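Trainee: Please walk me through this model and tell me what stands behind each term.

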Amino acid sequence: MTHKVAFSFADGKTLFFPVHANEILLDAALRNGIKIPLDCREGVCGTCQGRCEAGQYSQDYVDEEALSAQDLAQRKMLSCQTRVQSDAAFYFDFDSSLCHAAEPVRYRASVQEVRQVSESTAILRLDLGANPAPLDFLPGQYARLGIPGTGTSRAYSFANRPAADQQLQFLIRLLPDGAMSNYIRERCQVGDSLELEAPLGAFYLRQVSRPLLLVAGGTGLSALLAMLEQVVEQGCQQPVHLYYGVRHSADLCELERIQAYGERLPGFRFTPVISDADPAWTGKRGYISEHFDTEELRTSEADMYVCGPPPMVDSIRAWQQQQGLEHIQLYYERFTDSTN
């Protein structure tokens, strides 16, 4: 029996490798060419420490000088003493360049579908099945997609969890004039071949042990759809609340998909918010932070994942500080649309 393990690093790179049953994590990493910093290999020095973000594990021995009781409670671990008991993800607070095996892999993809799903958004579906090695990633991460015929690339979050059939989905915002937008509108055809680089990014779903607040701005929904798909497939007993903000109601997309996920998640809530709503809109208006239940959050624990344009992300970070809600764990991804 083997488990799939992800190592993520401070520079946003992620490496995946298999770990055998009862194998020491550090040994498995070295066996797969991932050379993280190490020294004593006896659980004393703390050089190989990281933090388990998802999955189950045990540790053989940890010296109290290496990791305190508080460190252990925060799921910090020593790679030289850790044995994983499930698929797992670990974070290391240093750059992947220290590991000698951290370059993202390039893949060839074939376009399977391109379809406009709102006035401002298209969905792009790609097939990676022809590649010799499968692509692994964590829900919330992104890829850089090469734009055929331009020599340029753009970054887009995966809109689905990793799948055995190697099918990928991306939400693409359609700008008035942009390299990817023009390709999608004018030239993209089923069967087109393009290159992508992945996985990238330090924004990804951690182990779910508290209520989830998922906050999307525009096509930031893409990363949160991947997270929703993951929690649905794995099963989730924690309440999940998705906030989805766009400028106009016509910009909303993937509503049927969100509804289908919600039907499989006990306690799921969905709140769309329109910042520039027309008179016919009867739902929430304005900015997302205006609609958080602040009083409820003061007395509860939660993990909040925010993905969207920098002004939205910055406003939510400022709101959290102003409300004194530091106990709400905030993970976020800020993105800007390319102008060309």
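**Pockets, a cavity and a sheet**

Mentor: Gladly! By class, twelve nonpolar, twelve polar and four charged residues line the largest pocket. The model is predicted, so local features need pLDDT of at least 70 and side-chain atom pairs 80 or more, while totals for chains, interfaces and linings use all residues. Residues are numbered from 1 along each chain, and side-chain values use heavy atoms, without hydrogens or water.

Trainee: What makes a residue nonpolar, polar or charged here?

Mentor: Ala, Val, Leu, Ile, Met, Phe, Trp, Tyr, Cys and Pro count as nonpolar, Asp, Glu, Lys and Arg as charged, and the others, including Gly, as polar. Among the residues closest to the centre of the largest pocket are Gly 218, Val 246 and Arg 247, so these count as polar, nonpolar and charged.

Trainee: Why is one space called a cavity and another a pocket?

Mentor: On a 1 Å grid over the protein atoms alone, a 1.4 Å probe fits in a cavity but cannot get out, whereas a pocket is open, with protein on both sides within 12 Å along at least five of seven lines; lining residues have an atom within 4 Å of a point. The largest pocket holds about 720 Å³, the largest cavity about 30 Å³. Cys 40, Cys 45 and Cys 48 are among the cavity's lining residues.

Trainee: How do you know that β16 and β17 pair?

Mentor: Pairing needs at least two DSSP bridges. Strand β16 (residues 269-274) and β17 share two, in the parallel sense, so they pair. Val 273 stands opposite Lys 284 in β17.

Notes: Grid points are joined across faces, edges and corners, and a volume is the space filled by probe spheres set on the points. Helices (H or I, at least four residues) and strands (E, at least two) are DSSP runs, numbered from the N terminus.
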